[in-house]
Amino acid sequence: MKLKPDIRIVDATKVISNQIFARGIKLHLFFITALMLLFVTIVLQSSFYQTVAPRAVFVYLLLICAIYTGRWLSKQFVILNKWPHLLLFSSLSITLLSAIGMIGMYHLLGYTDGTDDVSGLVVITPLIITIAVFAGGIVSVVRVVWRQQVKETSIIQQQKEMEINQLTARLTPHFLFNTLNNLYGLSINEHERVPDLLLRLSGLLRYHVYSTNQSYVLLNNEMTYLHDFIVLEQIRMKDRLNLNLELTNTHKQLKIAPLLLMSFVENAFK
């Protein structure tokens, strides 16, 4: 059964989005705090923590910037399949962050003239920045895909619940109970009619459960369903019903939406 967009699904989607967003904020805070504690532990274990601390703070801030730069780049370009833009801005970001890292570490390490060997700094800094940027990007892509799957799963669940509610609403207890009571009465006085009527009732229930999940059904099956429903209504209403029934179906392969004609038949009896 195809369902039109419903305000309940929209509201549920907003709630899910807000929950995911709040959970994401907590994860970001947890990650930043955990990384900070890691650097604090490293600094406190050093006997020269007063000298190491400024370097650790600088590296910590540089890694945070690189990781979240990678996250921003992935959201802007990877998800939208803008690969040329991704390569361009990634190269610029890595170059800029690497330059800042090398200049900052050059001064923090106490290099004062051009005689110091900075080859290790030139190699290690861009490598670390590149790894951090790509790590942030990969994590961001994974999170976006996971969020999308959670939203889709939740929306599908909401749609299934609506389908069940619609199915329950159509199978009114009043109609079923009256039909069963009438079948019970027939089983005493006209028991030979009961098997056929039970089959019709079973057919109605089966049609509701299985056929309404499809986008289209054969018109012939829909007409059979309507005929069975009318027969059961005749039993329920007895002498109060004055019915003139004529069902024709010359297009046996024609398909329509399930239960499309049911409302007209129900309203006719009401």
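**A pocket and a helix pair**

The second largest pocket has a volume of about 210 Å³. A pocket here is an open set of points on a 1 Å grid over the protein atoms alone, where a 1.4 Å probe fits, with protein on both sides within 12 Å along at least five of seven lines. The volume is the space filled by probe spheres set on the points, which are joined across faces, edges and corners.

This is a predicted model, in which local features need pLDDT of at least 70 and side-chain atom pairs count only at pLDDT 80 or more, while totals for linings use all residues. Residues are numbered from 1 along each chain, and side-chain values use heavy atoms without hydrogens and water.

Lining residues have an atom within 4 Å of a point. The second largest pocket has 13 of them, and Ser74, Val78, Leu86, Phe134 and Gly137 lie nearest its centre. Helices are DSSP runs (H or I, at least four residues), numbered from the N terminus. At least two lining residues come from each of α2 (49-78), α3 (83-108) and α4 (119-170).

Elsewhere, helix α7 (residues 219-237) packs against helix α8 (residues 262-269) at an angle of about 15°, with axes 11 Å apart. This makes α7 roughly parallel to α8, a term for angles under 35 degrees. Axes are lines fitted to C-alpha atoms over the stretch in contact, and angles run from 0 to 180 degrees between N-to-C directions. Contact means heavy atoms within 4.5 Å. On the α7 side, Glu222, Tyr225, Leu226, Phe229, Ile230, Glu233 and Met237 meet Met262, Val265, Glu266 and Phe269 in α8.

Note on methods:
Angles under 35 degrees count as roughly parallel, over 145 as roughly antiparallel, 65 to 115 as roughly perpendicular and the rest as oblique.
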